[in-house]
Amino acid sequence: MAYTYMTQDGYDKLVAEINELESVQRPEISRQIAEARDKGDLSENAEYDAAKEAQGILESKISQLKGLLANARIIDESLVGTDTVQILNRVTIKNLKNGATMTYTLVSDSEANIKEGKMSVNTPIARGLMGKKVGDKAEITVPGGIQTFEIVEIAI
């Protein structure tokens with residue numbers, strides 16, 4: 001069984017999203033279906049077909065999120081160290097080719113959001129950094145070829 005490791009915050013957001021889908025969006029789609037059904041002949045009712053399709057998509061998403069929740073394992077953030085790169089670390093790396101410095105927090109797939117600087121531990125860059133120490137260099141194959149990064153800082 002594949003577990004999904006996440007922070008307490010990520011778990012809480014997932015629970016809130018499921019609650020939103022079930023308590024707000026599901027009743028809204030049911031209302032749309034009932035409204036479309038009241039308009040008569042369902043065989044030529046595009047509104048009914050669209051609402052039923054939206055319901056199927058919503059139920060699929062709820063099922064997927066509940067599956068994530070069922071396999072979730074909360075990471076005890078107090079046990080995360082900074083000796084080597086691991087999940088929940090904030091890692092500052094330097095691209096040795098162009099000198100650019102970037103900082104990312106390594107998180108589970110479900111919490112990844114590159115705009116917030118949260119990178120999934122399953123990306124090629126994160127996998128290449130895992131287990132490395134400050135000062136180590138990592139050659140990582142990315143879509144644009146091989147990039148070399150130096151670990152500048154590991155923090156929590």
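Trainee: In this predicted model, what is Asn95 in contact with, leaving aside its neighbours within four places in sequence?

Mentor: Asn95 touches Ala100, Met102, Gln147, Thr148 and Phe149. Asn95 itself sits in strand S3.

Trainee: Why is Asn95 called buried?

Mentor: Buried means under 20% relative accessible area. Asn95 comes in at 7%, so it counts as buried.

Trainee: What makes the link between the side chains of Asn95 and Gln147 a polar contact?

Mentor: The cut-off for an N or O pair is within 3.5 Å, and these side chains are joined at 2.9 Å. The Asn95 side chain also has a polar atom 3.4 Å from the backbone nitrogen of Asn98.

Trainee: Which residues of H1 are buried, and what do they pack against?

Mentor: Gly10, Leu14, Ile18, Leu21, Ile29, Ile33 and Ala36 are the buried ones. The buried residues of H1 pack against strand S1 and helix H2.

Trainee: And the largest nonpolar core: which members touch the most others?

Mentor: Ile93, Ile125 and Leu129, out of 20 residues. Strands S3, S4, S6 and S7 and helix H3 each give two or more residues to this core. Apart from it lies another core of 13 residues, including Met6, Leu21, Ile33 and Ala36.

How values were computed. Residues numbered from 1 in each chain as written. Predicted model: local features only at pLDDT ≥ 70, side-chain atom pairs only at ≥ 80, totals over all residues. Heavy atoms only, no water. Core = buried A, V, L, I, M, F, W, Y, C linked by side-chain atoms within 4.5 Å. Buried < 20%, exposed > 50% of the residue type's maximum accessible area, 1.4 Å probe, protein only. Helix = DSSP H or I, 4+ residues; strand = E, 2+ residues; numbered from the N terminus. Polar contact = N/O pair within 3.5 Å; in protein donor to acceptor, adjacent residues only side chain to side chain. Contact = heavy atoms within 4.5 Å.
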